Amino acid sequence: RRGAMDDDDDEPEHRDENEFVSDDAMMSNLNAIDIYRSYLTIFAGTATGILGATGLGGLALFLASYLFISLGILGKMGLDSQGYVKEKVPYFLFGNIGRYGLSFVLFWTLSYALVYIY
């Protein structure tokens, strides 16, 4: 397998006898998924704050919304995550949960403070 630092990034990577994968296409897919997850997590955090969830209720809403977002993206990919991003389904569903959790908490607390405190 070729790494990201190879000079010849336009050549597709050979996966098996009948399938080729482009590293550029994989990176484009990962960037698109990151954008979707970021915006939807921010929206879910804002909605959680507006709903007035606190404590473990907010955490449960984060986990449920993140799983819902990931399942929606996975469904759009036809349940074949490895064909798009080289990640197995369990890692695709829960692999970067902490990264998006920070955005969720930021917008959750901001919207909660704006609606219920100020």
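I looked up Lys 86, which at 33% relative accessibility counts as partly exposed. The cut-offs I use are under 20% relative accessible area for buried, over 50% for exposed and in between for partly exposed, with a 1.4 Å probe and protein chains only. This is a predicted model, where local features need pLDDT of at least 70, side-chain atom pairs count only at pLDDT 80 or more, and totals for chains, interfaces and linings use all residues. Residues are numbered from 1 along each chain as its sequence is written, and side-chain values use heavy atoms, with hydrogens and water left out.

**Positive phi**

I checked the backbone of Lys 86 and found phi near 60°, a positive value in a residue other than glycine. Lys 86 sits in the loop between α3 and α4 (89–94). I then turned to Leu 79, which is not a glycine and yet has a positive phi of about 60°. Leu 79 is in the loop between α2 and α3 (82–85). Is Leu 79 buried or exposed? With a relative accessible area of 62%, Leu 79 is exposed.

**Chain overview**

I counted five helices and two strands in the chain. Helices are DSSP runs of H or I with at least four residues, strands are runs of E with at least two, and both are numbered from the N terminus. Along the sequence the pattern reads β-β-α-α-α-α-α. The chain has 118 residues, of which 27% count as buried. I noted an accessible surface of about 7900 Å² for the chain, 63% of it belonging to carbon and sulfur atoms; the areas come from the Shrake-Rupley method with a 1.4 Å probe. Among contacts (heavy atoms within 4.5 Å) with a separation of 6 or more, 66% join residues 24 or more positions apart.

**α1 against α5**

I took the pair α1 (residues 23–51) and α5, whose axes come within 7 Å and cross at roughly 30°. Axes are lines fitted to C-alpha atoms, for helices over the stretch in contact, and angles run from 0 to 180 degrees between N-to-C directions. α1 is therefore roughly parallel to α5, the cut-offs being under 35 degrees for roughly parallel, over 145 for roughly antiparallel, 65 to 115 for roughly perpendicular and oblique for the rest. The contact includes Thr 41, Ile 42 and Gly 45 of α1, and Tyr 100, Phe 104 and Trp 108 of α5. By class I have 11 nonpolar, eight polar and three charged residues in the contact of α1 with α5. Here Ala, Val, Leu, Ile, Met, Phe, Trp, Tyr, Cys and Pro are nonpolar, Asp, Glu, Lys and Arg are charged, and the others, Gly among them, are polar.

**α2 against α5**

How do the axes of helix α2 and helix α5 cross? I have α2 (residues 55–76) and α5 (residues 97–117) coming within 11 Å and crossing at roughly 130°. That angle makes α2 oblique to α5. Residues making the contact include Gly 55, Gly 58, Leu 59 and Phe 62 of α2, with Ile 97, Tyr 100, Gly 101, Phe 104 and Trp 108 of α5. The contact of α2 with α5 has nine nonpolar, four polar and no charged residues.

I followed up Leu 59, which lies in helix α2. Leu 59 has a relative accessible area of 43% and is partly exposed.
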